Amino acid sequence: QVQLVESGGGLVQAGGSLRLSCAASRRTFTNFAVGWFRQAPGKEREFVAAIKWGGGATDYATAVQGRFAIFRDNAKSTVDLQMNSLKPEDTAVYYCAAGASWPTTRYDFWGQGTQVTVSS
């Protein structure tokens with residue numbers, strides 16, 4: 001079992017930046033995928049970005065490519081999502097998730113989510 005806790009959401013103006021963090025109850029994920037997803041009101045949850053815990057390989061949704069960066073913060077043992085050049089359409093609840101392999105489309109462990117609101 002893996003428990004995930006997100007932090008760092010908030011309100012920001014368009015063009016601004018936010019950094020989300022995902023802390024996990026396990027410290028060893030060697031072959032795990034850790035991803036970020038988001039769900040906007042009235043829309044389905046969508047993939048944002050993912051990273052292979054043990055090797056650093058990454059994957060991004062087209063909508064965030066070049067604006068968002070996913071990385072491990074080894075000092076904090078978290079997976080962070082740096083979000084730059086934010087747009088109102090990035091407004092959503094952002095969820096951290098973990099899957100037991102890389103690459104994967106199956107994420108078995110989910111956090112509770114953190115709200116990100118981008119004002120125009």
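This is a predicted model: local features need pLDDT of at least 70, side-chain atom pairs count only at pLDDT 80 or more; totals for chains, interfaces and linings use all residues.
Residues are numbered from 1 along each chain as its sequence is written, and side-chain values use heavy atoms, with hydrogens and water left out.

**Fold and dimensions**
- The chain contains 11 strands and 0 helices (DSSP runs: E of at least two residues for strands, H or I of at least four for helices).
- The radius of gyration, taken over C-alpha atoms, is 13 Å, close to the 14 Å of the globule rule for 120 residues, so the chain is as compact as a globular protein of that length (rule: 2.2 Å times the number of residues to the power 0.38).
- Along its principal axes, the C-alpha trace spans about 40 × 30 × 25 Å.

**Burial**
- Of the 120 residues, 42% are buried (under 20% relative accessible area; exposed is over 50%, partly exposed in between; 1.4 Å probe, protein chains only).

**Aromatic pairs**
- The whole structure holds 4 aromatic pairs (ring centres within 6.5 Å; planes under 30 degrees apart are stacked, over 60 edge-to-face, the rest tilted).
- The ring centres of Phe-37 and Phe-47 lie 5.6 Å apart with planes at 75°, so this pair is edge-to-face.
- Phe-37 belongs to strand E4 (residues 33-39) and Phe-47 to strand E5 (residues 46-52).
- Phe-37 is buried at 11% relative accessibility, whereas Phe-47 is partly exposed at 24%.
- Ring pairs join Phe-37, Phe-47, Tyr-107 and Trp-110 into a cluster.

Definitions and conventions. Rings of Phe, Tyr and Trp (its six-membered ring) pair if their centres lie within 6.5 Å; planes under 30 degrees apart count as stacked, over 60 as edge-to-face and the rest as tilted.
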